There are 2 protein chains.
Amino acid sequence: MTSTHADLARLSLNTATTKQWTLREAVDGAVRAGLPAIGVWRDRVQETGVAESARIIADAGLRVSSLCRGGFLTADDDAAATAALDDNRRAIVEAATLGTRELIMVVGGLPAASAPGGPALPGTAGRDVVGARRRVADRIGELAPFAAGHGVRLVLEPLHPIFAADRAVISTLGQALDIAEPYPADVVGVVVDTYHVWWDPDLQRQIARAGAAGRIASYQVCDWTLPLASDALLSRGHVGDGYIDFATITRWVAETGYTGDVEVEIFNQSIWDTPGDETVATLADRYVRLVLPHL
Amino acid sequence: MTSTHADLARLSLNTATTKQWTLREAVDGAVRAGLPAIGVWRDRVQETGVAESARIIADAGLRVSSLCRGGFLTADDDAAATAALDDNRRAIVEAATLGTRELIMVVGGLPAASAPGGPALPGTAGRDVVGARRRVADRIGELAPFAAGHGVRLVLEPLHPIFAADRAVISTLGQALDIAEPYPADVVGVVVDTYHVWWDPDLQRQIARAGAAGRIASYQVCDWTLPLASDALLSRGHVGDGYIDFATITRWVAETGYTGDVEVEIFNQSIWDTPGDETVATLADRYVRLVLPHL
């Protein structure tokens, strides 16, 4: 790899990509590789402590591109809904403490998909995706003032429809933007994650719409690989190992004037089994060859 | 089960659901269970012979609700494209011979996904989903006059985005309708298959649009179950075993005035390992309890 630090000036390591590393190890690994930013997951932050994590990251001179994740707002009973809102308020405070304004929101799936033993038969209990989406929209409304008060943006993440039942009832960028629309752009934004949105026939238009509204809070890259892993969650690959046309999607994002970080977030057991420095070298190389030229 | 033949007046057995049965066995099984219609796959028809299949089905007094499938129109080289068009013309003739006007089209995935050894690195060769979609639209245009001349409708099937790379670059009903729009409704139509479209936030509007245009050629039902099967293709379940809200989607279809058949098409190894009569009894029971009341 012959990339320079200038090449990597917008590249961020998401801690999920190097799951085997503690927060400090991930920070050190990012610094060794010349990356200026890190995207952090709450579990990594909480095991180290929020204040200590903030100190480690600041001392290393890294930006925090995003905190992952709030969300899970689809519960159809009051107790679970209240607990979820409380947890999201804690996540907002954590984001502010870490010095990032972007809190990624994975909004949650159908209540039936989290019911013990799976869905009851017959009927529709817990399968009402229209209602689940409405609850997400309502609860974003409840959280928005608190987020705004802490200088944090709620960043809606559309997830690939493979996860619509059990993880996120927001499946497209257009749908995320519809939910975001009532709020200022610095209070509710969206992520463009290639893995989740590459297939969308409306993608170019919705990226342009997101950019024009100033709502693109994060551009995340990883590839759609086949065959799917036995745990579909872990089916992501390094940029270039799968089927996504990064040149085209990156150009669409760049054409909106997006100047933020590009985060690499990969869930993949074989990548987690690879030494972290090797993983970071690979993702930096792929970024420089396949993403940066179009950015 | 206490359903009557009247209850089953719109229920069709797709031969993929009872994969262990020959065409004749599937016809006999449908008749035994009181179903008036069958949806047939070309492999089942071809092993029996097209003319003989047509005779068996007609003698049994069954309707053919659809023939599955034409398509695979995304090739980016001339030889493969020509071969695909030829095969689609054969499928159109088969549909006409069988006495159905609905030829289901699974339009094909990215060329890279059918390349030996997977996609080359780096670059975008074979990953251009926008281009692949354009080729589908162009080739539907080439086939439309031939289909019209045979009284057969090309029925575009949007597939779940999980299959966008390797099987169908049409991922939403809206996208299918955009491709269908230049042609008369009796020449190019669409399928509403719950498995593929249930997650779509724009589904209600697009079903209404499809119905208003007279383009709903088939309503197919099966359920989205979790965890996904190791072969994602086989991850479908009986209506009611998963997460789809059949009441709502069926109502949306019915509200358009759709009066056609409801096909049950399930790919699932454990269902294929079940005696066919038992499978047909289960699907009829689920249809009567969970679909018919909303139809």
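Start with the largest cavity: by class, its lining has six nonpolar, two polar and one charged residues. Keep in mind along the way that this is a predicted model.

**Stop 1: the largest cavity**

What volume does the largest cavity have? About 50 Å³. The count of cavities of 30 Å³ or more comes to two, so there is another to visit.

**Stop 2: the second largest cavity**

Hop over to chain B and pick B:Val221, B:His238, B:Val239, B:Val264, B:Leu283, B:Arg286 and B:Tyr287, which line the second largest cavity. Its volume is about 30 Å³. Which element gives the largest share of this lining? That's helix α11 of chain B, residues 276-291, with three residues. Sorted by class, the lining of the second largest cavity comes out as five nonpolar, one polar and one charged.

**Stop 3: the largest pocket**

Now for some open space. Select A:Asp202, A:Arg205, A:Gln206, B:Asp202 and B:Arg205: among the 20 residues lining the largest pocket, these lie nearest its centre. The volume here is about 520 Å³. Color α6 and α8 (203-212) of chain A, plus α6 (173-180) and α8 (203-212) of chain B, and you have the elements that give two or more residues each to the pocket lining. Is the lining mostly charged or nonpolar? Charged residues number 10, with eight polar and two nonpolar ones making up the rest.

**Stop 4: the barrel in chain A**

Switch to cartoon and show chain A. Eight strands form a closed barrel in the order β1-β2-β3-β4-β5-β6-β7-β10, with parallel pairing. On average, neighbouring strands of this sheet are turned by 30° against each other, direction ignored.

Next, look at helix α4 of chain A, residues 78-98, which packs on the sheet. Helix α4 touches β2 (37-41), β3 (63-71), β4 (102-106) and β5 (153-156) of chain A, and its direction makes about 175° with that of β3(A).

For a close-up of one strand pair, select residues 188-193 (β6) and 216-221 (β7) of chain A: they pair in the parallel sense over four bridges. Within that pair, A:Val191 stands opposite A:Ser218 in β7(A).

**Last stop: helix α6**

Finish with residues 173-180 of chain A. This is helix α6, lying across β5 and β6 of chain A and running at about 170° to β6(A).

Terms used. Residues numbered from 1 in each chain as written. Chains lettered and ligands numbered in written order. Predicted model: local features only at pLDDT ≥ 70, side-chain atom pairs only at ≥ 80, totals over all residues. Heavy atoms only, no water. 1 Å grid on protein atoms, 1.4 Å probe; cavity = no way out; pocket = protein on both sides within 12 Å on 5 of 7 lines; lining within 4 Å. Points joined across faces, edges and corners; volume = space filled by probe spheres on them. Nonpolar A, V, L, I, M, F, W, Y, C, P; charged D, E, K, R; others polar. Pairing = 2+ DSSP bridges. Axes fitted to C-alpha atoms, helices over the stretch in contact; angles between N-to-C directions. Contact = heavy atoms within 4.5 Å.
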